[in-house]
Amino acid sequence: MPNEEAEKLVAKGQEALANDHDYLALTCFEQAIRLEWTPLACSCLAFCIAKVKGNYQEANMLARKALDIEPNNPVHYKNLGRILLLAGDNEQGILMLRQGLRYGERISIVQELEKLGIRKPPVFKSLPRNHPLNKYLGMFLAWLGLR
């Protein structure tokens with residue numbers, strides 16, 4: 001039987017996250033987990049731990065645990081993708097967000113992807129994107145307003 005108080009805390013935490021009240025959300029999810037462990041509360045708590053505390057390893061572990069239990073829940077993919085982005089692993093973060101698109105909740109995941117923006121093609125297509133010529137010449141041309 002689901003704990004109603006835990007469900008209310010999770011809903012309050014999600015609302016707090018939507019309004020950028022990260023510390024309130026963290027507290028709500030921690031209290032919800034104490035009352036009843038659910039994959040949703042665990043996944044949201046993981047994102048809060050990464051965002052507020054900067055503990056990406058613990059957050060990654062919790063988010064993957066929730067994802068293993070409910071692999072068809074797009075919220076878990078979104079939270080794990082956001083954790084990976086915060087940790088600096090953009091490639092895996094984007095991959096997780098895109099995988100979450102398969103399972104629904106498209107609007108919030110698409111918004112996360114749009115925040116990242118669209119990259120312009122490299123200046124020299126024959127060189128890798130991270131090559132110093134592509135990197136610094138691209139920054140210089142952008143600074144001049146030519147790109």
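## Overall shape

A compact globule of 147 residues would come out near 15 Å. The protein chain in this predicted model has 18 Å.

The box tells us about the outline. Along the principal axes, the C-alpha atoms fill roughly 60 × 30 × 25 Å. Of the 147 residues, 37% count as buried.

## Helices and contacts along the chain

What is the secondary structure of the protein chain? The count is 8 helices and 0 strands. Read along the sequence, the pattern is α-α-α-α-α-α-α-α.

How do contacts link parts of the sequence? Take the contacts between residues at least 6 apart in sequence. Of these, 42% join residues at least 24 apart.

## H4 against H5

Helix H4 covers residues 56–69, and helix H5 covers residues 74–86. Their axes lie 9 Å apart, at an angle of about 160°. Are H4 and H5 roughly parallel or roughly antiparallel? Angles over 145 degrees count as roughly antiparallel, so H4 and H5 are roughly antiparallel to each other. H4 passes H5 in a left-handed crossing.

H4 brings Tyr56, Ala59, Asn60, Ala63, Arg64, Ala66 and Leu67 to the contact. H5 brings His76, Tyr77, Leu80, Ile83, Leu84 and Leu86. By class, the contact of H4 with H5 has 10 nonpolar residues, 2 polar and 1 charged.

## H5 against H6

Helix H6 spans residues 90–101. The axes of H5 and H6 come within 7 Å and cross at roughly 165°. That makes H5 roughly antiparallel to H6. The crossing of H5 and H6 is left-handed.

On the H5 side, the contact residues are Pro74, Tyr77, Lys78, Leu80, Gly81, Leu84 and Leu85. They meet Asn90, Gln92, Gly93, Ile94, Met96, Leu97, Gln99 and Gly100 in H6. The contact of H5 with H6 has 8 nonpolar, 6 polar and 1 charged residues.

## H5 against H7

H5 also packs against H7. Their axes come within 10 Å and cross at roughly 20°. Angles under 35 degrees count as roughly parallel, so H5 and H7 are roughly parallel to each other. H5 passes H7 in a left-handed crossing.

Four residues of H5 are involved: Pro74, Lys78, Arg82 and Leu85. Their partners in H7 are Ser108, Ile109, Glu112 and Leu116. Here the classes are 4 nonpolar, 1 polar and 3 charged.

## Two loop residues

Where is aspartate 20? Aspartate 20 sits in the loop between helix H1 (4–18) and helix H2 (22–35). Most residues other than glycine have a negative phi. Aspartate 20 is not a glycine, yet its phi is positive, about 60°. Is aspartate 20 buried or exposed? Exposed means over 50% relative accessible area. Aspartate 20 has 55%, so aspartate 20 is exposed.

Lysine 125 belongs to another stretch, the loop between helix H7 (106–116) and helix H8 (132–144). The relative accessible area of lysine 125 is 68%, so lysine 125 is exposed too. How far is lysine 125 from phenylalanine 140 in space? The two are 17 Å apart, C-alpha to C-alpha. In sequence, lysine 125 and phenylalanine 140 are 15 residues apart.

Note on methods: Residues numbered from 1 in each chain as written. Predicted model: local features only at pLDDT ≥ 70, side-chain atom pairs only at ≥ 80, totals over all residues. Heavy atoms only, no water. Axes fitted to C-alpha atoms, helices over the stretch in contact; angles between N-to-C directions. Parallel < 35°, antiparallel > 145°, perpendicular 65-115°, else oblique. Left-handed = near helix turned anticlockwise from the far one by under 90°. Contact = heavy atoms within 4.5 Å. Nonpolar A, V, L, I, M, F, W, Y, C, P; charged D, E, K, R; others polar. Rg over C-alpha atoms; globule rule 2.2 N^0.38 Å. Buried < 20%, exposed > 50% of the residue type's maximum accessible area, 1.4 Å probe, protein only.
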